Amino acid sequence: MKIGLVGFPQSGKTTVFNALTGLAADTGASAARGKTNLGTVKVPDPRVDALAEIFHPKKKVYAEIVFSDVGAAAGGEGLDRTVLNAMREVDALCQVVRAFDDGTSPTPPAPLREIRDLEAEMILADLELVERRLERLKKEKGKPREEASLEKVKSHLDSGSPLRSMHLSDEDSALFSGYRFLSQKPLLLVLNVDEGALAAPPPADIAAYATERGLGLMSLSAKVEQDIAQMSPAEQKEFVAALGVSEPARGRFIRAAFALLDLISFITAGEDECRAWPIRRGTVAQRAAGKVHSDIERGFIRAEVIRVEDLLALKSEGKCREAGKLRLEGKEYVVHDGDVINYRFNV
Ligand SMILES: Nc1nc2c(ncn2[C@@H]2O[C@H](COP(=O)(O)OP(=O)(O)OP(=O)(O)O)[C@@H](O)[C@H]2O)c(=O)[nH]1
Ligand SMILES: [Mg+2]
């Protein structure tokens with residue numbers, strides 16, 4: 001699962017990337033353009049930590065997301081081809097928007113305009129793709145069904161709306177999955193604000209826009225986050241309190257990104273390891289078993305499910321069983337976030 005950090009030049013993408021990953025990719029005007037930075041991030045999960053207090057496992061394993069800092073979207077004469085391709089490759093997008101004013105930029109920040117401009121660029125890129133495909137289909141005359149659907153997509157894009165807001169039938173969704181439309185990808189807006197603005201809510205116009213468009217929105221200061229990432233835990237705590245916020249944005253941001261991918265986690269807990277397993281929302285128990293091991297999926301008998309809150313309260317599987325908190329579920333059971341699962345299977 002990969003998330004692309006996108007945005008206009010010097011909005012703070014690489015600084016956010018460094019704060020997330022603890023890496024030290026080059027930032028600022030001198031950083032090499034067109035270079036993609038890739039890093040894996042563990043999704044903080046207090047449930048795994050709490051279970052580890054009980055089970056004292058040899059290993060704690062968290063869900064992971066890959067972040068890709070794809071470089072700047074130039075704007076003006078359309079998106080750069082390398083950036084465009086990198087954006088098509090990811091599962092979700094996170095736009096870093098410049099809302100800080102460090103006095104070095106010749107123009108003041110214009111966050112709402114940046115957000116609208118990138119949206120327009122993505123719509124344009126999708127439109128070009130659709131038009132090229134339509135031209136070919138019209139010549140071949142072999143796929144009237146796809147042609148008709150694409151005409152609908154085209155008129156939606158022509159009206160200036162992203163595909164995220166278009167309702168597609170299951171059939172059309174399947175038809176278009178190979179297109180990797182940019183304006184269809186889940187999008188999280190990240191306002192990169194001055195540290196003085198951290199405790200304030202995002203500006204009302206931007207909040208209204210995000211709500212109307214169905215987008216995620218949060219504020220952080222990339223620079224502050226990058227500094228925090230270098231501090232000891234005690235220093236972090238003091239520093240964060242002085243800023244008037246409850247915790248660094250890093251954890252909040254990673255969890256928001258995780259939710260953006262429509263991922264949830266089920267958990268396995270024992271003396272060997274306590275582990276969060278990321279799955280798509282709606283995945284059934286047998287399918288989810290395949291994450292742990294293909295043998296378990298193949299030989300699936302049943303899933304023994306305990307809610308993590310119950311296991312944390314009663315502190316053992318046996319106690320949960322006695323209290324009637326352990327359920328037996330079949331292969332079609334839709335797994336929920338925070339289900340602690342013990343699989344029974346034939347080998
Ligand atoms: N004051 C302030 N400066 C920031 C913040 N975030 C980034 N900067 C500065 O803005 C400049 C650009 O940051 P980068 O992270 O390189 O931005 P970028 O989006 O990766 O830039 P390109 O890759 O060139 O498009 C750097 O000098 C950063 O130190 C912030 O939150 N506050
Ligand atoms: Mg950069």
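In the contact between helices H3 and H4, Leu84, Met87 and Arg88 of H3 meet Met122, Ala125, Asp126 and Leu129 of H4. By class, the residues of this contact comprise five nonpolar, two charged and no polar ones. The model examined here is a predicted one. Helix H3 covers residues 81-89 and helix H4 residues 111-140; the two pack at an angle of about 90°, and their axes lie 12 Å apart. Because angles of 65 to 115 degrees count as roughly perpendicular, H3 is described as roughly perpendicular to H4.

The model also contains an open sheet of six strands, with mixed pairing and the order E2-E4-E1-E5-E6-E7. The edges are formed by strand E2 (37-42) and strand E7 (216-220); each has a single partner strand, so one side of each is left without a neighbour in the sheet. From one strand to the next, the twist averages 25°. In general, strands of a sheet pair through backbone hydrogen bonds, in either a parallel or an antiparallel manner. Strand E6 (residues 187-193) and E7 run parallel and are joined by five bridges. Within this pair, valine 190 stands opposite methionine 218 of E7. Helix H10, made up of residues 249-260, packs on the sheet. The strands touched by H10 are E1 (2-6), E2, E4 (64-69), E5 (92-99), E6 and E7, and the direction of the helix makes about 165° with that of E7.

Within the sheet, strand E4 includes serine 68. The relative accessibility of serine 68 is 3%, and serine 68 therefore counts as buried, the cut-off being under 20%. Leaving aside residues up to four places away in sequence, serine 68 touches Lys2, Ile3, Gly4 and Leu5, as well as Thr36, Asn37 and Leu38.

A further packing arrangement involves helix H11. This helix spans residues 285-292, and Ala285, Ala288 and Ala289 in it are buried. Viewed down the axis of H11, the buried residues fall within an arc of 110°, so they line one face of the helix. The partners against which these buried residues pack include both strands and a helix: strand E8 (263-269), strand E9 (273-280), strand E10 (300-307), strand E12 (339-345) and helix H12 (294-298).

Key: Residues numbered from 1 in each chain as written. Chains lettered and ligands numbered in written order. Predicted model: local features only at pLDDT ≥ 70, side-chain atom pairs only at ≥ 80, totals over all residues. Heavy atoms only, no water. Pairing = 2+ DSSP bridges. Helix = DSSP H or I, 4+ residues; strand = E, 2+ residues; numbered from the N terminus. Axes fitted to C-alpha atoms, helices over the stretch in contact; angles between N-to-C directions. Contact = heavy atoms within 4.5 Å. Buried < 20%, exposed > 50% of the residue type's maximum accessible area, 1.4 Å probe, protein only. Arc of directions from axis to C-beta. Parallel < 35°, antiparallel > 145°, perpendicular 65-115°, else oblique. Nonpolar A, V, L, I, M, F, W, Y, C, P; charged D, E, K, R; others polar.
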